[in-house]
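I opened the notebook to look at metal sites, confidence and ring pairs. Entries follow in the order I took them.

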Amino acid sequence: MGQAPPALYQPPGTKKTYITDPVLAPQPPALQQKSGYPSSGPTSSAPAFRPEDELEHLTKKMLYDMENPPSDEYFGRCARCGENVVGEGTGCTAMDQVFHVDCFTCIKCSSKLRGQPFYAVEKKAYCEPCYINTLEQCSVCAKPIMERILRATGKAYHPHCFTCVMCHRSLDGIPFTVDAGGNIHCIEDFHKKFAPRCSVCKEPIMPAPGQEETVRIVALDRDFHVQCYRCEDCGGLLSEGDNQGCYPLDGHILCKTCNSARIQALTAKASTDL
Ligand SMILES: [Zn+2]
Ligand SMILES: [Zn+2]
Ligand SMILES: [Zn+2]
Ligand SMILES: [Zn+2]
Ligand SMILES: [Zn+2]
Ligand SMILES: [Zn+2]
């Protein structure tokens with residue numbers, strides 16, 4: 001008379017749980033159904049089943065559970081589903097939490113993790129492939145960065161992949177600079193490549209070791225090292241000392257004395273030529 005076939009009955013909000021209490025376990029089929037053991041499922045006949053009974057029973061059971069956590073092989077509450085974990089081989093612990101073996105799964109792909117390598121990130125467990133997918137990739141080698149991430153120029157790098165394009169040494173923790181094309185250089189190589197070249201010795205004009213600024217002399221639209229800025233005739237330094245100042249003549253860099261000497265020689269030659 002209007003009695004639903006037990007097989008169709010689904011208690012609202014069914015959750016998987018393990019039978020937590022050996023005293024209550026062999027009780028009416030209602031409990032077994034609620035407990036959702038796949039093996040004990042909807043085959044029972046439940047002759048006089050009434051939802052009120054189950055509600056009352058469940059309430060009692062809940063109170064009972066709260067006051068009497070089963071001590072035999074009781075591991076605690078599953079951190080995933082919130083139900084008790086009882087019985088040999090049904091639970092495991094990870095990240096200081098208790099889980100059902102079936103509940104301890106990868107947060108991304110739901111594969112079971114017991115006995116597998118897993119990675120805990122903020123108390124969430126990942127299987128190895130899913131964990132690797134969450135990692136940032138190195139912008140040089142495109143492989144995931146498992147350990148320390150070096151961040152520079154708005155990108156992520158393996159520390160050993162962040163290298164100078166010229167000398168290829170790692171610039172982890174070392175000052176570096178970037179050219180217009182975004183290429184990473186150690187300071188030294190950057191200067192070697194981009195610094196103005198001295199018109200005398202053809203070497204780049206770079207800051208002295210430990211100095212930030214470059215001292216460079218510009219004369220006659222040419223660049224000079226301080227030490228290379230000398231009179232072409234007598235070799236005297238033109239930037240300091242008694243001979244200070246450049247007196248160029250026909251594109252030659254001369255001190256005042258040598259400039260005068262050349263002019264005199266030219267004048268003398270001109271007069272003898274006449
Ligand atoms: Zn669980
Ligand atoms: Zn996974
Ligand atoms: Zn890399
Ligand atoms: Zn370098
Ligand atoms: Zn020079
Ligand atoms: Zn001179």
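**Entry: zinc ion (ligand 1)**

I read off the donor spacing of the zinc ion (ligand 1) along the chain: C-x2-C-x18-H-x2-C. This is a predicted model, so I treat every value as a property of the prediction. The donors are Cys78 (SG), Cys81 (SG), His100 (ND1) and Cys103 (SG). They lie 2.0 to 2.4 Å from the zinc ion (ligand 1). I then checked the geometry. The four donor atoms give angles of 95 to 116°, and the site is tetrahedral.

**Entry: zinc ion (ligand 3)**

Which atoms coordinate the zinc ion (ligand 3)? I found Cys138 (SG), Cys141 (SG), His158 (ND1) and Cys161 (SG), at 2.0 to 2.3 Å. Their spacing in the chain reads C-x2-C-x16-H-x2-C. The angles among the four donor atoms run from 97 to 118°, and this site is tetrahedral.

Are His158 and Cys161 buried or exposed? His158 has a relative accessible area of 11%, and I log it as buried because the cut-off is under 20%. Cys161 comes out at 12% relative accessibility and counts as buried.

**Entry: zinc ion (ligand 6)**

I moved on to the zinc ion (ligand 6). Cys231 (SG), Cys234 (SG), Cys255 (SG) and Cys258 (SG) coordinate this ion at 2.2 to 2.3 Å. The donor spacing is C-x2-C-x20-C-x2-C. Angles of 97 to 115° among the four donor atoms make the arrangement tetrahedral. Cys231 sits in the loop between β12 (222-224) and α5 (256-273), while Cys258 is in helix α5, so this pair ties together parts 27 residues apart in sequence. I checked Cys231 and Cys258 for burial: both are buried.

**Entry: Asn259**

I looked at Asn259, which lies in helix α5. Its relative accessibility is 10%, so Asn259 counts as buried. Which residues does Asn259 touch, leaving out those up to four places away in sequence? I got Tyr247, Pro248, Leu249 and Leu254.

**Entry: aromatic rings**

How many aromatic pairs does the structure hold? I count seven. I took one of them apart. The ring centres of Phe190 and Phe194 are 4.7 Å apart and the planes meet at 45°, so I file the pair as tilted. Both residues belong to helix α4 (residues 187-194). They are four residues apart there, which means a separation of about one helical turn. Phe190 is partly exposed, at 22% relative accessible area. Phe194 is partly exposed as well, at 40%. I also noted a cluster: ring pairs link Phe99, Phe104 and Phe118.

**Entry: confidence**

The protein chain averages 78, and 73% of the residues score at least 70. Which elements have the lowest and highest mean pLDDT? Helix α1 (residues 29-35) has the lowest, at 32. Strand β10 (residues 184-186) has the highest, at 95. Over residues 1-48 the pLDDT is below 50. Beyond near neighbours in sequence, that stretch still shows 56 contacts in the model. Where pLDDT is low, predicted coordinates should not be read in detail.

Definitions and conventions: Residues numbered from 1 in each chain as written. Chains lettered and ligands numbered in written order. Predicted model: local features only at pLDDT ≥ 70, side-chain atom pairs only at ≥ 80, totals over all residues. Heavy atoms only, no water. Donors = N, O, S within 2.8 Å, 3.2 Å for Na, K, Ca; no water. Tetrahedral: all angles 85-135°; square planar, octahedral: opposite > 155°, others 65-115°. Buried < 20%, exposed > 50% of the residue type's maximum accessible area, 1.4 Å probe, protein only. Helix = DSSP H or I, 4+ residues; strand = E, 2+ residues; numbered from the N terminus. pLDDT = per-residue confidence, 0-100. Contact = heavy atoms within 4.5 Å. Phe/Tyr/Trp six-rings, centres within 6.5 Å; stacked < 30°, edge-to-face > 60°.
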